[in-house]
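Work through the following exercises with the sequence and the coordinates open. Each task is followed by a solution in steps.

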Amino acid sequence: MNAVTPVLQTGAPRMALVGNPNCGKTALFNALTGSRQKVANYAGVTVERKEGSFTTPEGRRVQVLDLPGTYSLRARSPDEEVTRDVVLGRFKGEAEPDLLVCVADATNLRLVLRLVLELKQVGRPLLLALNMFDIAKHRGIEIDVDRLAAELGVPVVPTVAVRKAGTVDLLKHIDAQVVDLALAAAQGVSQGANTWHEPSAEEVRATHREADRIIKLAVRPPTKPDTWTTRLDAVLLNPVAGLLILLTVLFFMFQAVFTWAQPAMDGIKAGFDALAAWVNGAMPDGILRSLITDGIIAGVGSIVVFLPQIVILFTFIILLEDFGYMPRAAFLMDKIMGGAGLHGRAFIPLLSSFACAIPGIMATRVIDNRRDRLATIMVAPLMTCSARIPVYTLIISAFVPDRPVAGVFALQGLVMFGLYAAGILSALLVAFVMRRLVWRGTVEPFLMELPAYKVPDAKNVVMSVWTRAKAFLQRAGTTILSIMILIWFLSSFPGAPEGATEPAIDYSIAGMIGHWLQPLVAPIGFNWQMTVALIPGMAAREVAVAALGTVYAVGGGEENVTALMDTLGHSWSLATALSFLAWYIFAPQCASTLAVVRRETNSLKWPVIMFVYMLTLAYLASLATYHVAASLGWA
Amino acid sequence: MIQQAIVGVIVVAALAWVLRPTLRRALRRRQVAAGKAPGPCGSDSCNCGS
């Protein structure tokens, strides 16, 4: 590895952006660097490293590093440790920054001033960017910028990073600091000594007192507090009313996913049906036509049809996030989470897992305590991710009648809500058992900054939903398409022998594998076609639906989603369908999730434990469901 | 015969796509071992400039 050398001597000066979480640090990074940025991971840890560069008005090129958010250099989480070590020049393979820019949320200066006071001890040139200055002004917070700069002894620049306001001033200050650095380097003058050390309790209290003193001198609080946020919080954070509202919001969201998406889903289905009919009419019978209709159109079509539901679900999640409701939901859930042995901060990773367990597991980095973090990682895949939606929707549409309950609710939506609830309850139960059996001890107290409510930005919502939809379609058009082609191949070759009486798929490689594994899954009511679908479903859950589409289409069925629902409705018993749903609540059917757990825990032990416990739970849940359903006469 | 050839090419391409990450990793490991490519950041063969 190359030696760590101060870059100023060898190239562009290195600037690091430091600040509390959610202070607009990344917005400032984007405003400064534009598209000139590179995202990777820090060596040996899975903390994101964002580096970019920009040119100052004087024409100097500056390398800039966007460090993970922290409240102090007394690091407690892996993210905070990276920030501390990079700032102090201790991070292996990372050059010490020449210049520090501390980004502050101007609406909440008290927290960041403690960090600024710590950063001053590092001995590097320091600038303070007072970000979100417009919001502070709007709320009536008066900040005497000159007084603040004089008291802190560092230049202070007001900025509004999202609108690039104040960046010209900031760049001027950076230019001045870079000139000073270059002069110092040319004259061989060394920079200020680093006097920072892990502070004692008394030193921490002294820093707090100093921050409070500066706040009193330089900041005048608003004469009228933000009554809008206070009034809303009085209702939304109420232990009873707040929880009821949260449940209502979630319930409404799942109802909407089912009912609002239907017309668009019907349109997509019709489109794929028409395409298949056109191919059948335009091409002569043969293996190429079979590949296109049974493999590609049936497989990919059965996944793409769920796009409207994914779009609706994400629109709700992003709207709630932008509105500022998500941290409140975490606050409301803290008591329930704590009862299950999970930290309050686990709510956000678990909520992210509704979209996909992978970002959810990565989001557990915000949890300081290793045991709390591991407990959250281990249960995150039990939350109902979007890849389960196609599976649940297919089975519900095939087996649950589309009729209203109490004249208001859709029965199918109620069942979907029940499946989500089952995922949440099982996650809480597993966490409870793990904390009692494996990681005994108390859960650390939960502290979280509650942002002010704001009207969601339409452009941001549209962009975020589009990003998710695009990722879903790309997956359908690449990985799922490829897997479907392979499934079609395995389901079609070798062909049926002369005089065969069974459908051709029975004689294929997939048929042989399915028949061979079937005794293992027979006790839980699965047939061999389901076994064939479960194997590629290990790569990604939703592939199972497309695989069922292909297997049944090759086996002589029709190649559209409506027909697949009809086929399943006729060839599966209700007990089998319920058993399949129970399997999908627990089964570790996602190789990428296991790979991320391996990376995040830096150990093979945890993904193996996760795979074994989830597979065992899936088998036991399916076994119990199938036999209870069979005893009720549904087999 | 032409249909079979087209189907063969499509199936092989699909297999290559599915195995792409594994093939890439294997190729990268071989290049790093032969000294033809830099290792991951922080490793002894890293040359990312830091």
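**Exercise 1.** Determine how many of the 32 residues of helix 1 of chain B are buried, and which ones.

Solution. Start with the terms: helices (H or I, at least four residues) and strands (E, at least two) are DSSP runs, numbered from the N terminus. A residue is buried if 20 or more other C-beta atoms lie within 10 Å of its own, exposed if 12 or fewer, and partly exposed in between, with C-beta atoms placed from the backbone. By this count, three of the 32 residues of helix 1 of chain B are buried, and the helix is hardly covered. The three are B:V7, B:V11 and B:A14. Their cover includes two elements of chain A, helix 12 (287-304) and helix 20 (458-492).

This is a predicted model, in which local features need pLDDT of at least 70 and side-chain atom pairs count only at pLDDT 80 or more, while totals for chains, interfaces and linings use all residues. Residues are numbered from 1 along each chain as its sequence is written, and chains are lettered from A and ligands numbered from 1 in the order in which they are written.

**Exercise 2.** Find where helix 1 of chain B has a kink, and compare the chain with its UniProt annotation.

Solution. Helix 1 of chain B spans residues 2-33 and has a kink of about 60° at B:L19, shortly before the proline B:P21. The bend at a residue is the angle between axes fitted to the seven residues ending there and the seven starting there. Next, the unreviewed UniProt entry places a "transmembrane region" at residues 6-23 of chain B; such annotations may be inferred rather than shown by experiment. In the model, residues 6-23 of chain B are 100% helix and 0% strand, with 23 Å between the end C-alpha atoms. After the helix comes B:G35, which has a positive phi near 75°.

**Exercise 3.** Which residues touch the most other members of the largest nonpolar core?

Solution. A nonpolar core is a set of buried Ala, Val, Leu, Ile, Met, Phe, Trp, Tyr and Cys residues joined through C-beta atoms within 7 Å. The largest core has 119 residues, and A:V300, A:I395, A:M484, A:A547 and A:L581 touch the most other members. Helix 20 of chain A gives the largest share of this core, 11 residues. A second, separate core has 54 residues, among them A:L67 and A:V101.

**Exercise 4.** Why does A:K269 count as partly exposed?

Solution. A:K269 is in helix 11 (residues 262-282) of chain A. A:K269 counts as partly exposed because it has 18 C-beta neighbours inside 10 Å.

Key: Contact = placed C-beta atoms within 7 Å.
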